[in-house]
Amino acid sequence: MSLITTAPKGTQDILPERSHIWRHIESTLLDTARLYGFEQMRTPTFEHTELFLRSVGETTDVVSKEMYTFTDKGNRSITLRPEGTAGVARAALERGLLAGALPVRVSYLINCFRYENKQKMRYREFNQFGVELYGTVLPQADVEIISLAYECYRVLGLGGVSIQLNSLGCAKCRPNYQRALLEYLNNYRDELCGTCHERMEKNPLRILDCKVPACKNITKSAPTMLEHLCKDCIAHLDEVKTMLTTLKIPFVVNPRIVRGLDYYTRTVFECVLKDTAGDEIVVGGGGRYSGLISELGGADCEGIGFALGIERIEHMLNDLNLCPKRPSICKVYIAPMDKSSQMLGLELIHRLRGCGISAQTDIMGKSLKAQMKYADKLSADFTVVIGENEILSKTAVMRNMSDGTTYSIPLDDGFVDAVREII
Ligand code: HAM
(Lines give C-alpha, C1' and ligand atoms only; values in the text may rest on other atoms or scores of the structure.)
Protein backbone atom coordinates (compact mmCIF):
# COMPACT_ATOMS: atom_id res chain seq x y z
CA MET A 1 0.00 0.00 0.00
CA SER A 2 1.43 3.38 -0.81
CA LEU A 3 -0.24 6.33 0.85
CA ILE A 4 -0.61 9.55 -1.11
CA THR A 5 0.62 11.51 1.91
CA THR A 6 1.44 11.25 5.62
CA ALA A 7 0.76 13.46 8.66
CA PRO A 8 2.61 16.81 8.50
CA LYS A 9 5.86 17.05 10.46
CA GLY A 10 5.33 17.97 14.10
CA THR A 11 1.72 16.73 14.27
CA GLN A 12 0.31 13.71 16.05
CA ASP A 13 -2.63 11.36 15.59
CA ILE A 14 -4.13 10.41 18.93
CA LEU A 15 -5.41 6.89 18.27
CA PRO A 16 -8.27 5.28 20.25
CA GLU A 17 -5.79 3.38 22.44
CA ARG A 18 -4.54 6.71 23.84
CA SER A 19 -7.74 8.71 23.88
CA HIS A 20 -8.73 7.66 27.42
CA ILE A 21 -5.46 9.17 28.71
CA TRP A 22 -6.32 12.48 27.05
CA ARG A 23 -9.84 12.35 28.44
CA HIS A 24 -8.42 11.66 31.89
CA ILE A 25 -5.96 14.58 31.67
CA GLU A 26 -8.47 17.03 30.23
CA SER A 27 -11.34 16.25 32.59
CA THR A 28 -9.01 16.25 35.63
CA LEU A 29 -7.69 19.68 34.66
CA LEU A 30 -11.10 21.20 33.92
CA ASP A 31 -12.55 19.81 37.16
CA THR A 32 -9.60 21.03 39.23
CA ALA A 33 -9.90 24.52 37.71
CA ARG A 34 -13.63 24.56 38.49
CA LEU A 35 -12.78 24.02 42.17
CA TYR A 36 -10.94 27.33 41.95
CA GLY A 37 -13.83 29.04 40.12
CA PHE A 38 -12.48 28.85 36.56
CA GLU A 39 -15.09 28.10 33.90
CA GLN A 40 -14.20 26.95 30.43
CA MET A 41 -14.44 29.19 27.37
CA ARG A 42 -13.72 28.54 23.69
CA THR A 43 -12.20 30.95 21.21
CA PRO A 44 -11.40 30.61 17.49
CA THR A 45 -8.43 28.58 16.25
CA PHE A 46 -7.34 31.55 14.14
CA GLU A 47 -7.24 35.27 14.85
CA HIS A 48 -6.20 38.40 13.00
CA THR A 49 -2.40 38.40 12.90
CA GLU A 50 -2.09 41.82 14.55
CA LEU A 51 -3.49 40.35 17.79
CA PHE A 52 -0.34 38.27 18.27
CA LEU A 53 2.01 41.00 16.99
CA ARG A 54 0.65 43.37 19.65
CA SER A 55 0.43 40.91 22.54
CA VAL A 56 3.02 38.15 22.20
CA GLY A 57 5.44 40.68 20.68
CA GLU A 58 7.09 41.09 17.26
CA THR A 59 10.58 40.30 18.49
CA THR A 60 9.71 37.00 20.19
CA ASP A 61 10.68 33.74 18.46
CA VAL A 62 7.02 32.72 18.59
CA VAL A 63 5.97 35.68 16.43
CA SER A 64 9.06 36.28 14.31
CA LYS A 65 9.84 32.65 13.46
CA GLU A 66 7.10 30.27 14.44
CA MET A 67 3.68 31.60 13.42
CA TYR A 68 1.48 29.94 10.83
CA THR A 69 0.32 33.07 9.02
CA PHE A 70 -1.55 33.28 5.72
CA THR A 71 -3.67 35.70 3.73
CA ASP A 72 -7.28 34.57 3.47
CA LYS A 73 -9.54 34.98 0.44
CA GLY A 74 -10.67 38.37 1.79
CA ASN A 75 -7.03 39.54 1.79
CA ARG A 76 -6.81 39.56 5.62
CA SER A 77 -3.71 38.39 7.42
CA ILE A 78 -4.76 35.46 9.58
CA THR A 79 -2.68 33.44 12.08
CA LEU A 80 -3.31 30.05 13.66
CA ARG A 81 -3.07 30.77 17.41
CA PRO A 82 0.40 30.05 18.79
CA GLU A 83 -0.95 30.32 22.37
CA GLY A 84 -4.17 31.07 24.25
CA THR A 85 -3.71 34.20 26.36
CA ALA A 86 -4.07 36.71 23.51
CA GLY A 87 -7.23 35.19 22.01
CA VAL A 88 -8.90 34.77 25.39
CA ALA A 89 -8.07 38.40 26.31
CA ARG A 90 -9.43 39.60 22.95
CA ALA A 91 -12.65 37.64 23.49
CA ALA A 92 -13.02 38.75 27.12
CA LEU A 93 -12.73 42.38 26.01
CA GLU A 94 -14.85 42.11 22.89
CA ARG A 95 -17.68 40.24 24.67
CA GLY A 96 -17.78 42.53 27.68
CA LEU A 97 -16.56 39.94 30.20
CA LEU A 98 -14.28 42.48 31.84
CA ALA A 99 -17.01 45.10 32.14
CA GLY A 100 -18.90 43.07 34.76
CA ALA A 101 -17.95 41.95 38.26
CA LEU A 102 -14.25 41.33 38.78
CA PRO A 103 -12.25 39.19 39.21
CA VAL A 104 -13.07 37.08 36.16
CA ARG A 105 -11.70 33.53 35.99
CA VAL A 106 -11.69 31.48 32.77
CA SER A 107 -10.10 28.25 31.58
CA TYR A 108 -9.55 26.83 28.11
CA LEU A 109 -8.45 23.70 26.29
CA ILE A 110 -7.02 24.59 22.91
CA ASN A 111 -4.81 23.41 20.08
CA CYS A 112 -1.91 25.76 19.28
CA PHE A 113 0.43 26.03 16.33
CA ARG A 114 4.11 26.92 16.31
CA TYR A 115 6.53 26.22 13.47
CA GLU A 116 9.09 24.60 15.79
CA ASN A 117 12.15 22.63 14.80
CA LYS A 118 12.10 18.99 15.72
CA GLN A 119 13.15 18.56 19.32
CA LYS A 120 11.94 16.36 22.14
CA MET A 121 8.36 17.27 23.13
CA ARG A 122 8.15 20.18 20.68
CA TYR A 123 5.28 19.83 18.25
CA ARG A 124 4.00 22.09 15.50
CA GLU A 125 0.44 21.43 16.56
CA PHE A 126 0.13 20.92 20.32
CA ASN A 127 -2.55 21.24 22.96
CA GLN A 128 -2.71 23.48 25.98
CA PHE A 129 -4.86 23.68 29.06
CA GLY A 130 -4.78 27.22 30.41
CA VAL A 131 -6.42 29.60 32.87
CA GLU A 132 -6.59 33.39 33.05
CA LEU A 133 -7.63 35.57 35.99
CA TYR A 134 -8.47 39.23 35.32
CA GLY A 135 -8.96 42.25 37.49
CA THR A 136 -6.56 42.36 40.44
CA VAL A 137 -3.08 43.62 41.05
CA LEU A 138 -2.85 41.89 44.43
CA PRO A 139 -0.32 39.07 44.95
CA GLN A 140 -3.17 36.85 46.17
CA ALA A 141 -4.05 36.37 42.49
CA ASP A 142 -0.50 35.20 41.68
CA VAL A 143 -0.75 32.72 44.53
CA GLU A 144 -4.13 31.50 43.36
CA ILE A 145 -2.75 30.81 39.87
CA ILE A 146 0.46 29.17 41.07
CA SER A 147 -1.40 27.03 43.61
CA LEU A 148 -3.89 25.97 40.93
CA ALA A 149 -0.99 25.05 38.62
CA TYR A 150 0.59 23.01 41.39
CA GLU A 151 -2.73 21.33 42.19
CA CYS A 152 -3.23 20.39 38.53
CA TYR A 153 0.05 18.46 38.56
CA ARG A 154 -0.57 17.01 42.02
CA VAL A 155 -3.98 15.53 41.21
CA LEU A 156 -2.51 13.94 38.10
CA GLY A 157 0.15 12.30 40.27
CA LEU A 158 2.88 14.75 39.24
CA GLY A 159 3.32 16.43 42.65
CA GLY A 160 7.12 16.26 42.22
CA VAL A 161 6.94 19.22 39.82
CA SER A 162 9.43 22.02 40.40
CA ILE A 163 7.82 25.47 40.34
CA GLN A 164 10.44 28.03 39.32
CA LEU A 165 9.54 31.58 40.18
CA ASN A 166 10.90 34.93 39.03
CA SER A 167 9.86 38.55 38.62
CA LEU A 168 10.28 40.49 35.36
CA GLY A 169 9.63 43.83 37.04
CA CYS A 170 7.34 46.59 35.86
CA ALA A 171 7.35 49.61 33.54
CA LYS A 172 9.11 51.56 36.32
CA CYS A 173 12.10 49.30 36.96
CA ARG A 174 12.51 47.49 33.67
CA PRO A 175 14.17 50.38 31.75
CA ASN A 176 16.98 50.48 34.36
CA TYR A 177 17.51 46.77 33.97
CA GLN A 178 17.42 47.08 30.18
CA ARG A 179 20.25 49.64 30.42
CA ALA A 180 22.31 47.35 32.67
CA LEU A 181 21.71 44.43 30.34
CA LEU A 182 22.71 46.42 27.25
CA GLU A 183 25.88 47.58 28.97
CA TYR A 184 26.79 43.95 29.67
CA LEU A 185 25.84 42.71 26.19
CA ASN A 186 27.84 45.45 24.47
CA ASN A 187 30.99 43.66 25.66
CA TYR A 188 29.97 40.63 23.60
CA ARG A 189 28.34 42.35 20.61
CA ASP A 190 30.51 40.54 18.03
CA GLU A 191 29.67 37.11 19.43
CA LEU A 192 25.88 37.53 19.41
CA CYS A 193 23.80 36.08 16.55
CA GLY A 194 22.30 38.32 13.84
CA THR A 195 18.81 38.22 15.37
CA CYS A 196 20.20 39.29 18.73
CA HIS A 197 21.90 42.27 17.08
CA GLU A 198 18.46 43.39 15.98
CA ARG A 199 17.08 42.60 19.42
CA MET A 200 19.68 44.91 20.98
CA GLU A 201 18.02 47.78 19.14
CA LYS A 202 14.40 46.69 19.50
CA ASN A 203 13.99 44.57 22.64
CA PRO A 204 17.18 43.53 24.48
CA LEU A 205 15.29 41.39 27.00
CA ARG A 206 14.50 38.91 24.24
CA ILE A 207 18.22 38.09 23.96
CA LEU A 208 17.84 36.27 27.28
CA ASP A 209 15.52 33.81 25.54
CA CYS A 210 17.72 33.21 22.46
CA LYS A 211 18.22 29.51 21.67
CA VAL A 212 21.55 30.00 19.80
CA PRO A 213 24.28 28.31 21.94
CA ALA A 214 26.75 31.25 21.70
CA CYS A 215 24.09 33.73 22.87
CA LYS A 216 22.93 31.35 25.58
CA ASN A 217 26.49 31.15 26.86
CA ILE A 218 26.84 34.92 27.00
CA THR A 219 23.52 35.48 28.78
CA LYS A 220 24.37 32.88 31.46
CA SER A 221 26.35 35.52 33.35
CA ALA A 222 24.23 38.54 32.39
CA PRO A 223 22.77 40.73 35.16
CA THR A 224 19.27 39.62 36.18
CA MET A 225 16.01 41.51 36.50
CA LEU A 226 15.79 40.32 40.08
CA GLU A 227 18.81 42.48 40.97
CA HIS A 228 17.09 45.55 39.50
CA LEU A 229 13.53 45.30 40.82
CA CYS A 230 11.95 48.47 42.24
CA LYS A 231 10.63 48.60 45.81
CA ASP A 232 7.05 47.77 44.80
CA CYS A 233 8.09 44.78 42.68
CA ILE A 234 10.28 43.43 45.48
CA ALA A 235 7.37 43.76 47.93
CA HIS A 236 5.02 42.01 45.47
CA LEU A 237 7.41 39.11 44.99
CA ASP A 238 8.05 38.83 48.72
CA GLU A 239 4.32 38.61 49.41
CA VAL A 240 3.90 35.92 46.76
CA LYS A 241 6.75 33.93 48.31
CA THR A 242 5.37 34.28 51.84
CA MET A 243 1.88 33.17 50.83
CA LEU A 244 3.17 30.20 48.82
CA THR A 245 5.23 29.14 51.83
CA THR A 246 2.18 29.44 54.09
CA LEU A 247 0.17 27.25 51.69
CA LYS A 248 3.11 24.79 51.58
CA ILE A 249 3.38 25.12 47.80
CA PRO A 250 6.98 24.22 46.98
CA PHE A 251 8.84 26.68 44.73
CA VAL A 252 12.35 27.86 43.97
CA VAL A 253 13.34 31.33 42.80
CA ASN A 254 15.10 31.11 39.44
CA PRO A 255 16.30 34.52 38.20
CA ARG A 256 16.95 33.03 34.73
CA ILE A 257 13.26 32.43 33.94
CA VAL A 258 12.44 35.01 31.26
CA ARG A 259 9.55 33.35 29.31
CA GLY A 260 9.22 33.48 25.54
CA LEU A 261 6.34 35.96 25.30
CA ASP A 262 6.51 39.75 25.66
CA TYR A 263 3.40 40.55 27.66
CA TYR A 264 4.65 39.56 31.12
CA THR A 265 5.24 41.93 34.02
CA ARG A 266 6.27 41.02 37.58
CA THR A 267 5.56 37.38 38.48
CA VAL A 268 6.54 34.67 35.99
CA PHE A 269 6.96 30.98 36.63
CA GLU A 270 7.70 27.69 34.93
CA CYS A 271 6.82 24.16 35.97
CA VAL A 272 9.52 21.58 35.32
CA LEU A 273 9.63 17.79 35.63
CA LYS A 274 12.48 15.39 34.95
CA ASP A 275 11.68 12.25 32.95
CA THR A 276 13.42 8.88 33.41
CA ALA A 277 15.75 9.69 30.48
CA GLY A 278 17.03 12.55 32.67
CA ASP A 279 15.60 15.29 30.44
CA GLU A 280 14.04 18.35 32.04
CA ILE A 281 10.58 18.88 30.56
CA VAL A 282 8.94 22.28 30.94
CA VAL A 283 5.39 21.09 31.47
CA GLY A 284 3.82 24.51 32.00
CA GLY A 285 4.39 28.19 32.53
CA GLY A 286 2.67 31.48 33.09
CA GLY A 287 2.74 34.84 34.74
CA ARG A 288 1.22 38.25 35.29
CA TYR A 289 0.54 40.77 32.54
CA SER A 290 -0.32 44.40 33.34
CA GLY A 291 -0.34 46.02 29.93
CA LEU A 292 -1.94 43.42 27.67
CA ILE A 293 -5.59 44.40 28.05
CA SER A 294 -4.89 48.10 27.42
CA GLU A 295 -2.57 47.19 24.52
CA LEU A 296 -5.58 45.44 22.94
CA GLY A 297 -7.73 48.57 23.32
CA GLY A 298 -9.33 47.99 26.73
CA ALA A 299 -9.15 49.95 29.96
CA ASP A 300 -6.29 49.10 32.33
CA CYS A 301 -6.90 45.64 33.72
CA GLU A 302 -4.41 43.27 35.28
CA GLY A 303 -4.30 39.66 34.19
CA ILE A 304 -2.44 36.56 35.29
CA GLY A 305 -2.58 32.99 34.07
CA PHE A 306 -0.72 29.87 33.08
CA ALA A 307 -0.88 27.11 30.51
CA LEU A 308 0.42 23.58 30.41
CA GLY A 309 1.17 21.32 27.48
CA ILE A 310 -1.08 18.25 27.30
CA GLU A 311 1.43 16.27 25.19
CA ARG A 312 4.11 16.87 27.80
CA ILE A 313 1.78 15.80 30.61
CA GLU A 314 0.93 12.63 28.68
CA HIS A 315 4.65 11.98 28.20
CA MET A 316 5.29 12.32 31.93
CA LEU A 317 2.31 10.13 32.91
CA ASN A 318 3.53 7.44 30.50
CA ASP A 319 7.09 7.80 31.65
CA LEU A 320 6.18 7.47 35.33
CA ASN A 321 3.62 4.70 34.72
CA LEU A 322 0.77 6.90 35.91
CA CYS A 323 -1.61 6.43 32.98
CA PRO A 324 -5.05 5.07 33.84
CA LYS A 325 -5.93 1.62 32.47
CA ARG A 326 -7.76 1.66 29.18
CA PRO A 327 -11.43 1.15 30.05
CA SER A 328 -13.41 -1.51 28.22
CA ILE A 329 -15.38 -0.12 25.28
CA CYS A 330 -17.80 -3.04 25.52
CA LYS A 331 -19.48 -4.17 28.73
CA VAL A 332 -21.57 -6.86 27.05
CA TYR A 333 -20.89 -8.63 23.76
CA ILE A 334 -23.87 -10.52 22.35
CA ALA A 335 -22.84 -13.29 19.96
CA PRO A 336 -25.56 -14.65 17.70
CA MET A 337 -24.86 -18.23 16.58
CA ASP A 338 -26.88 -18.05 13.39
CA LYS A 339 -28.79 -15.71 11.12
CA SER A 340 -32.08 -16.20 12.94
CA SER A 341 -30.67 -14.86 16.23
CA GLN A 342 -28.96 -11.82 14.66
CA MET A 343 -32.12 -9.68 14.91
CA LEU A 344 -32.49 -10.54 18.59
CA GLY A 345 -28.80 -9.59 19.10
CA LEU A 346 -29.43 -6.17 17.55
CA GLU A 347 -32.52 -5.66 19.66
CA LEU A 348 -30.76 -6.63 22.91
CA ILE A 349 -27.77 -4.33 22.36
CA HIS A 350 -30.18 -1.51 21.42
CA ARG A 351 -31.92 -1.95 24.78
CA LEU A 352 -28.65 -2.10 26.73
CA ARG A 353 -27.23 0.98 25.01
CA GLY A 354 -30.48 2.85 25.65
CA CYS A 355 -29.92 2.22 29.37
CA GLY A 356 -26.31 3.42 29.30
CA ILE A 357 -24.60 0.02 29.10
CA SER A 358 -22.01 -0.29 26.32
CA ALA A 359 -22.79 -3.28 24.13
CA GLN A 360 -21.91 -4.74 20.74
CA THR A 361 -22.99 -7.61 18.55
CA ASP A 362 -21.80 -9.06 15.27
CA ILE A 363 -22.37 -6.86 12.22
CA MET A 364 -20.06 -8.75 9.88
CA GLY A 365 -21.54 -12.25 9.71
CA LYS A 366 -18.60 -13.71 11.67
CA SER A 367 -18.54 -17.31 12.91
CA LEU A 368 -19.05 -17.82 16.64
CA LYS A 369 -15.33 -18.56 17.07
CA ALA A 370 -14.36 -15.35 15.24
CA GLN A 371 -16.87 -13.38 17.32
CA MET A 372 -15.37 -14.67 20.55
CA LYS A 373 -11.91 -13.69 19.35
CA TYR A 374 -13.21 -10.22 18.52
CA ALA A 375 -14.95 -9.89 21.92
CA ASP A 376 -11.62 -10.80 23.49
CA LYS A 377 -9.85 -8.10 21.47
CA LEU A 378 -12.44 -5.57 22.61
CA SER A 379 -11.80 -6.73 26.21
CA ALA A 380 -15.57 -7.20 26.56
CA ASP A 381 -16.41 -7.74 30.25
CA PHE A 382 -19.30 -10.15 29.56
CA THR A 383 -20.46 -12.26 26.61
CA VAL A 384 -23.89 -13.72 25.87
CA VAL A 385 -24.23 -16.38 23.17
CA ILE A 386 -27.70 -16.63 21.62
CA GLY A 387 -29.13 -19.21 19.18
CA GLU A 388 -32.25 -21.22 18.51
CA ASN A 389 -32.33 -22.79 22.02
CA GLU A 390 -32.01 -19.42 23.74
CA ILE A 391 -34.80 -17.96 21.62
CA LEU A 392 -37.07 -20.92 22.45
CA SER A 393 -36.31 -20.95 26.18
CA LYS A 394 -36.15 -17.12 26.40
CA THR A 395 -33.05 -17.46 28.59
CA ALA A 396 -29.33 -17.27 27.89
CA VAL A 397 -26.03 -17.61 29.68
CA MET A 398 -23.99 -14.51 30.41
CA ARG A 399 -20.27 -15.16 31.02
CA ASN A 400 -17.85 -12.98 32.97
CA MET A 401 -14.81 -13.00 30.69
CA SER A 402 -12.25 -12.37 33.40
CA ASP A 403 -13.18 -15.13 35.88
CA GLY A 404 -15.43 -17.43 33.82
CA THR A 405 -18.46 -17.11 36.16
CA THR A 406 -21.74 -17.76 34.32
CA TYR A 407 -25.20 -16.37 35.01
CA SER A 408 -28.59 -17.33 33.62
CA ILE A 409 -30.43 -14.29 32.31
CA PRO A 410 -33.94 -13.85 30.86
CA LEU A 411 -34.23 -12.55 27.29
CA ASP A 412 -37.66 -11.04 27.87
CA ASP A 413 -38.60 -7.69 29.47
CA GLY A 414 -36.41 -8.47 32.49
CA PHE A 415 -33.23 -8.63 30.35
CA VAL A 416 -31.73 -5.21 31.06
CA ASP A 417 -32.49 -5.36 34.80
CA ALA A 418 -30.88 -8.80 35.03
CA VAL A 419 -27.76 -7.61 33.19
CA ARG A 420 -27.58 -4.52 35.37
CA GLU A 421 -27.62 -6.63 38.52
CA ILE A 422 -24.67 -8.71 37.34
CA ILE A 423 -22.34 -6.07 35.92
P1 HAM B 1 4.21 28.85 26.95
O2 HAM B 1 5.28 28.67 27.98
O3 HAM B 1 4.63 29.36 25.63
O4 HAM B 1 3.15 29.84 27.61
O5 HAM B 1 3.42 27.51 26.74
C6 HAM B 1 2.84 26.84 27.83
C7 HAM B 1 3.17 25.37 27.78
O8 HAM B 1 2.77 24.82 26.51
C9 HAM B 1 4.66 25.05 27.83
O10 HAM B 1 5.12 25.05 29.17
C11 HAM B 1 4.70 23.65 27.24
O12 HAM B 1 4.33 22.69 28.22
C13 HAM B 1 3.62 23.73 26.18
N14 HAM B 1 4.23 23.96 24.84
C15 HAM B 1 4.68 25.13 24.34
N16 HAM B 1 5.16 24.95 23.09
C17 HAM B 1 5.02 23.64 22.80
C18 HAM B 1 5.32 22.81 21.67
N19 HAM B 1 5.84 23.31 20.55
N20 HAM B 1 5.04 21.48 21.74
C21 HAM B 1 4.48 20.96 22.86
N22 HAM B 1 4.16 21.69 23.95
C23 HAM B 1 4.42 23.01 23.94
C24 HAM B 1 2.02 30.25 26.99
O25 HAM B 1 1.60 29.78 25.95
C26 HAM B 1 1.28 31.30 27.76
N27 HAM B 1 0.10 31.69 26.98
C28 HAM B 1 0.90 30.81 29.14
C29 HAM B 1 0.16 31.84 29.92
C30 HAM B 1 -1.17 31.86 30.17
N31 HAM B 1 0.67 32.92 30.47
C32 HAM B 1 -0.29 33.63 31.06
N33 HAM B 1 -1.42 32.98 30.87
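Predicted model: local features only at pLDDT ≥ 70, side-chain atom pairs only at ≥ 80, totals over all residues.
Guide: Two strands count as a pair if DSSP finds at least two bridges between them.

Visitor: What makes β3 and β4 a pair?

Guide: Strand β3 (residues 68-71) and β4 are joined in the antiparallel sense over 4 bridges. Since at least two are required, they are therefore called paired. T71 has S77 in β4 as its bridge partner. The hairpin of β3 and β4 has 5 residues between the strands, and N75 takes a positive phi near 65° there.

Visitor: How do you know that β2 pairs with β4?

Guide: Strand β2 (residues 46-48) and strand β4 (residues 77-80) run antiparallel and are joined by 3 bridges. At least two are needed, so the two strands pair.

Visitor: Why is M364 called exposed?

Guide: The relative accessible area of M364 is 63%. Exposed means over 50%, so M364 qualifies. M364 is found in the loop between β13 (359-361) and α13 (368-377). Together with M343, L346 and I363, M364 makes a nonpolar surface patch of about 500 Å².

Visitor: Which residues touch the most other members of the largest nonpolar core?

Guide: That core has 63 residues, and those with the most contacts to other members are F129, Y153, F269, V283, F306, L308 and I313. Helix α5 (residues 139-155) gives the most to this core, with 9 residues. Another core lies apart from it, with 31 residues, including V63, A86, L168 and L261.

Visitor: What does Y153 touch beyond four places away in sequence?

Guide: The contacts of Y153 are L158, G159, V161, C271, V283, G284, F306, L308 and I313.

Note on methods:
Residues numbered from 1 in each chain as written. Heavy atoms only, no water. Patch = residues over 30% accessible without salt bridge, like charges linked within 9 Å, V, L, I, M, F, W, Y side chains within 5 Å. Areas by Shrake-Rupley, 256 points an atom, 1.4 Å probe, with all protein chains shown as cover. Salt bridge = Lys/Arg side-chain N within 4 Å of Asp/Glu carboxyl O. Buried < 20%, exposed > 50% of the residue type's maximum accessible area, 1.4 Å probe, protein only. Core = buried A, V, L, I, M, F, W, Y, C linked by side-chain atoms within 4.5 Å. Contact = heavy atoms within 4.5 Å.
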